[in-house]
Amino acid sequence: MIEGILIGLKTALSLKNILMVMMGCFFGTIIGMLPGLGPMTAIALMIPITYGFDPATGLILMAGVYYGAVFGGSTSSILINAPGIPGTVATSFDGYPMAQQGKAGKALAIAAYSSFAGGTIAAIFLLFAAPSLSKVSLSFRSPDYFALMILGLTAVAAFSSKGQFLKAMMMAVLGLMLASVGQDTLSDIPRFVFNNMNLSDGISFVLVVMATFAMSEALMIILRGTDPSSAAKAISLKELGSIKLDKEETKKTLKTIPRSSIIGFIVGVLPGAGSTIGSFLAYGMERNFVSKEEKEKFGKGSVHGLAAPETANNAACSGSFVPLLTLGIPGSGTTAVMLGALLGFGIQPGPRLYMTNPEIFWSVIMSMYIGMVVLLILNLPLIPYIARILAVPRTFLIPMILFFSVTGIYLMSFNTFDIFLMIGIAIVATGLRLYKFPMPPLILAFVLGGLMEENLRRSLLISDGSFSFLWERPVTAVIIVFTILIVSWQAYQSLKTK
Amino acid sequence: MKISSVKIISLLFFVLSAFYLYTAYQIQVFSFDENAPFNAKTFPIYLGYAGMFLAGLKIILPERLKEEVDHKVLDYKKVIFLVIIMIFYGLTILRVGFFVSTSIFLLLSYYFLGERRWKFMIIFSFPFVAIFMFLLHGLLNIYLRDPFLKYLGIIG
C-alpha cells in the first residue's frame with residue numbers, strides 16, 4: 001500500500017495535476033454556487049476537456065470539480081439560503097441564520113473547515129477501505145455484478161425520486177434503452193440504428209450527459225425565467241464579517257466532525273444514498289448527540305447544526321468513490337458520469353483497477369487531499385471575488401453553457417448529426433424534468449447498460465438460460481434480497497401515503 | 001375527465017416501449033444464435049417488457065401528487081428561439097466554419113435573451129471565439145474545420 005501511496009503522490013503532486021485540482025475546485029465552486037447547476041452539470045461540461053489529458057489527470061480534474069461544486073453549493077446555502085445542490089440543503093438550516101446574525105464569514109469558515117475535515121477523514125477511510133474491498137470484490141462473479149447493478153439502479157431510483165419511484169424506474173429503463181442503440185458488443189449485430197450510419201457506434205455518453213444536464217438545465221432556466229446569477233450578486237454585496245473562529249466554536253466543530261464523517265462516509269458508500277441523505281442523517285443524528293441547551297439552538301444558527309451536514313456531505317463524496325473504484329459500479333449520478341468518462345478513456349474501473357492502473361487508483365485518492373487543501377486555502381478567502389465573477393447575467397451565462405455543450409460534442413465527433421441528436425434529447429429531457437422525472441437514474445442506467453447486458457449474458461450462458469443464477473450464490477441472493485426490500489419499502493410508502 | 005400530463009407522458013413511454021419491443025424482435029441474429037440462451041435481442045426484449053410494465057403501472061395506479069405545471073408562466077418563446085438558433089448553428093458549423101457560425105450563434109443568443117449592451121455582446125462573441133479557437137487550434141492542436149478562415153488565409 002505504501003508503494004501505491006507513493007505512486008499516487010508522485011502523480012497527484014505533479015505540477016500539471018496540482019493545477020488541474022486547483023482549476024477543478026475553482027470551476028466547481030463557481031458552478032456549485034449557481035442554484036440549479038450542480039456537480040453533474042459541472043463535470044459534464046468538463047468531460048470534453050478531460051479527453052485531451054491522460055486518464056489520471058482527467059479524473060483528478062473531475063474530482064476537483066466535484067468537491068468544488070459541493071463547496072460552492074454550501075456557500076450559496078449559507079449566504080442567501082439558496083442551496084446550489086441538494087446535498088447542501090441541510091447546511092442552510094443553521095448556516096443561513098448565522099449569516100443573518102452577521103456571522104457569514106464564521107459560517108463559511110465552519111463550513112470550509114468541516115468540509116476539509118470530513119473529506120480528509122473520509123479519504124483516509126477510502127485509503128484503507130478501497131484496497132480491502134477490491135480484494136473482496138475479486139471473488140465476485142457475473143451474477144453478483146448483475147445483481148449489484150440492479151441494486152444500484154433501484155437504490156438510485158429510490159433515493160432520487162422523492163416519492164416518485166415509478167417515474168425514476170421508467171427513466172432507468174429509458175437509459176438502458178438508449179444504451180442498447182448501436183452494434184451489439186459480442187456479435188456486432190446492429191440494433192435500433194434504423195439504417196443510420198451515425199448510430200452504428202451507439203449514442204455517445206458525453207452527448208447524453210450534456211443533453212440531459214447542461215443543455216436541459218440551461219433550457220429550464222430560460223423556461224422558468226429564473227436568474228441563477230442573482231444569487232451571486234447577493235453574495236458579492238453581503239458583508240461577510242470575520243472568518244476567525246473563537247475557542248468555543250472550534251471546540252464544537254471539532255466535536256462534531258468525527259461522528260459526522262463516519263455517518264457521511266458510510267452513507268456515501270451505499271449505492272444511491274449520496275451526500276443529500278448523508279447530510280440530513282448527520283444533521284438529525286447530531287441533534288440527538290448534543291446537550292438539551294444546544295439542541296434548542298438547532299435551526300437558529302447552531303455551530304453543531306452547520307458543521308454536521310457540511311462534514312457529512314464531503315465525507316459522502318469521498319465515500320461514493322468506493323463502489324466506483326472497487327466494483328466499477330457508481331453509487332450516484334455524479335460518479336456515474338465519472339465512470340462514463342473513465343470508460344471513454346478505455347479504463348474499466350473495478351477490483352483490478354488498483355493492480356492494472358495503480359497510478360489512477362492512488363492518484364485519485366491522493367488528489368482528494370490536495371483538493372481539500374485547495375478548497376480551504378484558495379477558495380475560502382476568494383469567495384467574495386468568485387461571487388463577483390459569477391454575477392454574470394443569464395443573458396451571457398446561458399449562451400455560454402449552450403456553446404460549451406454544442407462545441408464539446410462537435411469537438412469529439414466533428415459530426416453535426418450528434419449536435420441535432422443532442423438538441424433532441426435535451427428538449428425531451430427538459431419536458432420530462434418539468435414533470436419531475438429524475439435524470440440521475442437515466443444517466444446511471446446509460447452508463448451501466450453495456451456492463452449489465454454483458455454480465456447478464458455471461459450469467460445466463462453459465463446457467464443455460466435459467467434465472468436460478470439470481471439465488472444460487474449467497475452473495476447474489478443477499479444483493480437481490482436488498483433490492484426486493486427497497487422495492488417493497490417504496491411500495492409500502494406509496495400505499496401508506498394513500 | 002381530465003387526464004394528467006404525467007399520465008400522457010407515461011402513455012407515450014408505453015407506446016415507445018412497445019415500439020422498442022417490436023423493433024427488438026426484428027433484430028436479425030445469426031442462425032446458430034437463434035436458440036441460444038442469450039443473443040443480441042434478449043436484453044432489449046426484457047427492456048421492452050420492463051418499460052411497458054412500468055409505464056402501464058404508472059397509467060393504472062392513481063396519482064399521489066398532482067404534478068401539473070402552469071404553462072402560462074413558462075417562457076416557451078425564448079426556448080423555441082434558442083432551439084432554432086442551435087439548429088441553425090448545427091447546420092452552419094461545417095459549411096461556414098467554426099469561427100463565424102459560433103460567433104453568430106453567441107451574438108444571436110445574447111440578443112434573443114434580452115441583452116442589448118452591444119459592446120459586451122461583440123466582445124463575448126467574435127474575440128471570445130477567436131481566443132477559444134487559438135487555445136484549441138494553436139495550443140492543444142485540435143483541428144477545427146473552418147472554410148472561411150482558410151479562405152482568408154488565417155489558418156492552413
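This is a predicted model: local features need pLDDT of at least 70, side-chain atom pairs count only at pLDDT 80 or more; totals for chains, interfaces and linings use all residues.
Turning to how the two chains meet, chain A puts 48 residues into the contact and chain B puts in 50. On the chain A side, the elements that supply two or more residues are helices: α8 (165-179), α9 (205-224), α19 (394-413), α20 (416-434), α21 (440-462) and α23 (474-497) of chain A. Of these, α19(A) is the top contributor, handing over 10 residues to the side that touches chain B. As for the make-up of that side of chain A, its residues split into 29 nonpolar, 10 polar and 9 charged.

Within chain A, there is also a helix pair to look at. Helix α5 (residues 89-100) of chain A meets helix α14 (residues 303-319) of chain A, with their axes coming within 8 Å and crossing at roughly 140 degrees. The crossing of α5(A) and α14(A) is left-handed. From α5(A), the contact draws on Ala90(A), Thr91(A), Phe93(A), Asp94(A), Gly95(A) and Met98(A), while α14(A) answers with Gly305(A), Leu306(A), Pro309(A) and Glu310(A).

Terms used: Residues are numbered from 1 along each chain as its sequence is written. Chains are lettered from A and ligands numbered from 1 in the order in which they are written. Two residues are in contact if their C-beta atoms, placed from the backbone, lie within 7 Å. Helices (H or I, at least four residues) and strands (E, at least two) are DSSP runs, numbered from the N terminus. Ala, Val, Leu, Ile, Met, Phe, Trp, Tyr, Cys and Pro count as nonpolar, Asp, Glu, Lys and Arg as charged, and the others, Gly among them, as polar. Axes are lines fitted to C-alpha atoms, for helices over the stretch in contact, and angles run from 0 to 180 degrees between N-to-C directions. A crossing is left-handed if the near helix is turned anticlockwise from the far one by less than a right angle, and right-handed if clockwise.
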